[in-house]
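Please open the structure in the viewer and keep the selection panel at hand.

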Amino acid sequence: MEITPRQLEIIEAAGKILTSSGVSGLTIKNLAKEMQFSESAIYRHFTSKEEIIVAMLNYLAETIDKRLQNAIQTIEDPEEKFTAIFQSQFTFFENHRHFVVAVFSDGLLKESQVINEAILKVISVKIKYLFPILLEGQQKGVFTNTISTEDLMYILMGTFRLLMFRWRLEDFQFDIKTSGNKMIQSVLTLIKNK
């Protein structure tokens with residue numbers, strides 16, 4: 001997916017509006033005002049609000065894919081890989097808070113099927129990395145086998161989602177990296193073979 005620098009500016013401005021005003025606040029008019037553009041200038045890059053949100057989610061999926069691949073490419077140990085992918089996520093979202101709302105906004109789910117598919121794409125990228133790490137850890141005896149790999153993956157993704165959702169609801173007032181690292185250690189305590 002090719003995103004021009006101007007489209008990325010629009011996507012980031014849209015994310016800021018989503019963060020401050022929610023889905024209902026994201027209009028082409030508000031976006032143009034935020035960027036100090038005319039509405040027609042926005043329409044030269046995107047045909048609709050839906051297209052902007054889908055582009056944002058697709059950009060996020062692509063970014064996560066590259067970042068997680070880089071985070072684990074030189075790591076052999078499943079526990080270290082597990083830690084690296086979650087730390088990478090916390091660092092990214094700390095620096096790009098406007099994407100938190102895009103991924104963790106239940107309001108987006110009501111918008112359209114195309115947006116739902118883009119959200120599923122983001123989730124599938126996370127699964128692409130987490131599932132093999134958990135499976136490898138179970139096969140090597142590092143992680144427990146008392147829970148299926150799939151169930152373990154969804155439990156962990158739900159835990160991550162809840163922490164991010166709380167961070168958003170509390171208006172990003174706590175240090176997500178510190179809280180995230182505590183969560184990683186707690187989860188490892190639960191899933192590691194004793």
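Helices (H or I, at least four residues) and strands (E, at least two) are DSSP runs, numbered from the N terminus. The model is a predicted one, in which local features need pLDDT of at least 70 and side-chain atom pairs count only at pLDDT 80 or more, while totals for chains, interfaces and linings use all residues. Residues are numbered from 1 along each chain as its sequence is written, and side-chain values use heavy atoms, with hydrogens and water left out.

**Stop 1: Val-125**

Select Val-125, which lies in helix α7. Is Val-125 buried or exposed? Val-125 is buried, with a relative accessible area of 9%; buried means under 20% relative accessible area, exposed over 50%, and partly exposed in between (1.4 Å probe, protein chains only). Next, display Ala-61, Ile-64 and Asp-65, which Val-125 touches when residues up to four places away in sequence are not counted (contact means heavy atoms within 4.5 Å).

**Stop 2: the cavity**

Keep Phe-86 selected, as it is among the residues that line the largest cavity. On a 1 Å grid over the protein atoms alone, a cavity is a set of points where a 1.4 Å probe fits but cannot get out, and lining residues have an atom within 4 Å of a point. The structure holds 1 cavity of 30 Å³ or more, and the volume of the largest is about 100 Å³; a volume is the space filled by probe spheres set on the points, which are joined across faces, edges and corners. Helices α5 (78-95), α7 (113-139) and α8 (149-169) each supply at least two of the lining residues.

**Stop 3: two residues with positive phi**

Most residues other than glycine have a negative phi. Select Gln-36, which is not a glycine but has a positive phi of about 55 degrees. Gln-36 sits in the loop between α2 (28-35) and α3 (39-43) and, at 73% relative accessibility, counts as exposed. Move to Phe-172, in the loop between α8 and α9 (176-191). Phi of Phe-172 is also positive, near 60 degrees, but Phe-172 counts as buried, at 10% relative accessibility.

Technical notes:
On a 1 Å grid over the protein atoms alone, a cavity is a set of points where a 1.4 Å probe fits but cannot get out, and a pocket is an open set with protein on both sides within 12 Å along at least five of seven lines; lining residues have an atom within 4 Å of a point.
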